Amino acid sequence: MTDDHLSLGAGLSGRGVIVTGAASGIGRATARLAAACGARVCGVDLNGPSLREEMQEWKGPDRHLGVEIDLTGADAPQTVVEAVLEEFGDLWGLVHCAGVLVRRSSPAEVTRQEWDVQHNVNLKASFFMNQAVGETLKARGGGGRMITLSSQGWWTGGSHGAVAYSASKGGIVSMCRGLSTAYAPHGIMVNSIAPGVVDTPMLGVGLTPEDLDAIAASCPMGRLARPEEIAQVAVFLLSTHASYISAATINVSGGLLFY
């Protein structure tokens, strides 16, 4: 048994991993941790300047790749995959964290445009990013990992004006289950993670400090999760430890969700 086998990110050394939403929040924490575990990380984000600044904090920054792109573009997923193969010559996994949230106090206030924006980014782009990675992994052989971030809202239906957002995150759970059926025979494990309330810029959208305090108090642990606590689960699912986990929705909510 090697020391690598005992690490959280067993099997990731030198492997190509895509992390979307890598400039902030859970994506940033996941990219940092995957890089620390030896992976070669392709960070993807719409905010190029923040991504490039963040990449300087990754272990061995020159080993990694940053791609500034809008993932809702029809060619964007394949563009990212091709950039990874050209730069790294390898692709092992995807952690898809990119997402957007628009809060409205009542469902009656949600516009068609707001619905479309959230579903295009959170669900449609997620599917086609997974499709591009999954088909590439399938063609290359050797298995792989695909993880997409859902939310506690997939189970609760959303709160604090996040009904449309939560609907998109529920779609992610169903999507990952279907993709698992398609790709598991090829050794590609497909899972989702359902974080509870996490201390990220997205959580604070449209909320007051008092709102955030109340949300933290609603969790049995009495606090918000740190992004790193979600990233640790994502990197575990990327690793060779997760060789028999597929179609799962991992509950990382500090006891907020029961399932």
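Which residues of H1 are buried? In this predicted model, the buried residues of H1 are Gly25, Ile26, Gly27, Ala29, Thr30, Ala31, Ala34 and Ala35. The spacing within this set can be read against helix geometry. An α-helix has 3.6 residues a turn, so residues three or four places apart point the same way. The helix itself covers residues 25-36, and at 1.5 Å a residue its 12 residues should span 16 Å, which agrees with the 17 Å that separates its end C-alpha atoms.

The buried residues of H1 pack against several elements, namely strand S1 (16-20), strand S2 (40-45), strand S4 (93-96), strand S5 (144-149) and strand S6 (188-195), together with helix H8 (227-238). After H1 comes glycine 38, whose phi is positive, near 100 degrees.

The crossing of H1 and H8 is right-handed, and the contact is made on the H1 side by Gly25, Ile26, Ala29, Thr30, Leu33 and Ala34, and on the H8 side by Pro227, Glu228, Ile230, Ala231, Gln232, Ala234 and Val235. Sorted by class, the residues of this contact comprise nine nonpolar, three polar and one charged. Gly25, Ile26, Ala29, Thr30 and Ala34, which take part in the contact with H8, are also among the buried residues of H1.

H3 contributes Pro77, Gln78, Val80, Val81 and Leu85 to the contact, while H4 contributes Phe128, Met129, Ala132, Val133, Thr136 and Arg140. The residues of the contact of H3 with H4 divide into eight nonpolar, two polar and one charged.

H4 also packs with helix H6 (residues 163-183), here at an angle of about 15 degrees and with the axes 9 Å apart. H4 and H6 are therefore roughly parallel to each other, and H4 passes H6 in a right-handed crossing. From H4, the residues Trp115, Gln118, His119, Asn122, Leu123, Ser126, Phe127, Asn130, Gln131, Gly134, Glu135 and Lys138 meet Ala164, Tyr165, Ala167, Ser168, Gly171, Ile172, Met175, Leu179 and Tyr183 of H6. By class, the contact of H4 with H6 has 10 nonpolar, nine polar and two charged residues.

Alanine 247 lies in the loop between H8 and S7, and its phi is near 65 degrees, a positive value in a residue other than glycine. Most residues other than glycine have a negative phi. With a relative accessibility of 32%, alanine 247 counts as partly exposed. Glycine 255 is found in the segment after strand S7 (249-252) and is likewise partly exposed, its relative accessible area being 31%. The C-alpha atom of glycine 255 is separated by 39 Å from that of alanine 83, a residue 172 residues apart from it along the chain.

Methods: Residues numbered from 1 in each chain as written. Predicted model: local features only at pLDDT ≥ 70, side-chain atom pairs only at ≥ 80, totals over all residues. Heavy atoms only, no water. Helix = DSSP H or I, 4+ residues; strand = E, 2+ residues; numbered from the N terminus. Expected span 1.5 Å × (residues − 1). Buried < 20%, exposed > 50% of the residue type's maximum accessible area, 1.4 Å probe, protein only. Contact = heavy atoms within 4.5 Å. Left-handed = near helix turned anticlockwise from the far one by under 90°. Nonpolar A, V, L, I, M, F, W, Y, C, P; charged D, E, K, R; others polar. Axes fitted to C-alpha atoms, helices over the stretch in contact; angles between N-to-C directions. Parallel < 35°, antiparallel > 145°, perpendicular 65-115°, else oblique.
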